[in-house]
Each structure stands twice: as structure tokens, then as C-alpha cells.
Amino acid sequence: MLPPLLGIWGQLGLDPPTFSCTILKKDDHSPKKLIFLIGFVLPCIAIILCYSCIYWRVRKSRRKLKAHETRTTLRTGCRTNREKEDGRLTKLMLIIFICFVLCFLPLMLVNVFDDNTAYPTLHVLASILAWLSSVINPFIYAASNRQYRSAYKELLKNVKSNTKSVQMNTTSANKDGASPERS
């Protein structure tokens with residue numbers, strides 16, 4: 001981002017059709033396509049590498065533990081809780097990666113292929129999807145993990161009870177003619 005910031009290669013500015021601050025062309029040159037490609041491809045590679053390492057480490061650990069299990073457990077063919085958790089972890093990592101791709105791929109595509117902003121609505125929608133990616137992970141965790149769900153329920157229960165307390169205090173203070181801050 002340094003070349004456009006310094007005005008060496010492109011420049012930062014407002015793109016009126018999309019109402020966004022972005023990298024604009026300067027002297028008919030802009031690093032925007034390169035930055036968006038790198039900004040999408042490198043995180044994808046990093047996520048794939050990290051999640052692959054996690055997967056292989058968990059798999060290796062599971063194999064070691066399986067070697068130490070009793071023969072009766074192996075003979076029954078029952079799927080252990082550990083294997084179920086491994087499956088959930090793999091599914092969770094895959095869902096997070098797919099959501100990352102679904103949120104950022106449209107932004108990368110419109111910025112690389114619609115250079116002249118022929119479709120400003122697509123640019124705005126793609127930007128909204130990219131912003132959505134920053135809030136989507138807690139919902140993924142809540143949907144896939146029992147502990148997260150119970151923690152969220154507890155948090156919402158506390159917020160709800162605190163909100164009721166504040167409303168009751170405000171209502172009773174207003175009836176008495178006093179402001180809520182003084183009661």
C-alpha cells in the first residue's frame with residue numbers, strides 16, 4: 001500500500017460510483033489488481049497450510065492414541081468421542097475457509113475484472129460481503145460448538161436480565177419524578 005499512499009504507483013482516493021476510498025489510477029497505472037490478487041491468494045495459501053498442519057497433527061496424535069487403546073475398543077469398531085471431535089474440528093475448519101472464500105472472492109473478482117467500475121452495485125455488494133467476514137466466525141462457532149452455544153446463551157441471559165433491571169429502575173425513577181442517574 002506504500003506506492004499508492006506516496007502517489008508513486010496509483011493513488012488513494014474516493015471512487016464516486018462505489019462510494020469507497022480505494023486505489024485509483026495515476027498516469028493510467030495502478031497496483032490495485034496486484035494488491036487484490038496477493039491480498040486474496042496469500043491468505044488462502046496461509047489458511048490452507050495452517051489448517052493442513054492442524055489436521056495432520058491431530059491425525060498423528062489420534063493414531064498414537066489409537067495404538068495405545070485396548071483391543072476391545074478396536075474390535076467393537078465404535079467411533080470414539082475423540083474421532084467425533086476430530087471430525088467436528090475438520091468440518092469447522094472447512095466451513096471457516098469456505099466462508100472466507102465466499103466473502104472475499106467476489107471483492108477480489110470485481111476489483112480485478114471490473115477495472116472501470118461498470119457495475120458499481122457489484123462493488124458495493126462485494127465490499128459488504130468482505131465486511132461480513134469479520135462478524136461471521138462467532139456465528140460459525142456457535143452453530144458448531146456446544147460450549148460456544150452455552151456461553152452465548154449465558155451472555156445473552158445476563159444482558160437480558162441487566163436490561164430489564166435498567167428498564168425497571170428507569171420506570172420507577174420516572175414515576176417518582178427523579179432522574180434515573182440519581183436513584
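Trainee: Where is Asp114 found?

Mentor: The model is predicted: local features need pLDDT of at least 70, side-chain atom pairs 80 or more, while totals for chains, interfaces and linings use all residues. Numbering runs from 1 along each chain as its sequence is written, and side-chain values use heavy atoms, without hydrogens or water. Helices (H or I, at least four residues) and strands (E, at least two) are DSSP runs numbered from the N terminus. Asp114 sits in the loop between helix 4 and helix 5.

Trainee: Is Asp114 buried or exposed?

Mentor: Its relative accessible area is 11%. Under 20% is buried, over 50% exposed, in between partly exposed (1.4 Å probe, protein chains only). So Asp114 is buried.

Trainee: Which residues are in contact with Asp114, leaving aside neighbours within four places in sequence?

Mentor: Contact means heavy atoms within 4.5 Å. A polar atom of the Asp114 side chain lies 3.0 Å from the backbone nitrogen of Tyr119. Beyond its sequence neighbours, Asp114 touches Leu109, His123 and Tyr119.

Trainee: Which residue in the turn between strand 1 and strand 2 has a positive phi?

Mentor: Strand 1 (residues 11–15) and strand 2 (residues 20–24) pair in the antiparallel sense over 5 bridges; pairing takes at least two DSSP bridges. Leu14 stands opposite Cys21 in strand 2. The two strands form a hairpin with 4 residues between them. The turn residue with a positive phi, about 55°, is Phe19.

Note on methods: A polar contact is a pair of N or O atoms within 3.5 Å; within protein, one must be able to donate a hydrogen and the other to accept it, and residues adjacent in sequence count only if both atoms are side-chain atoms.
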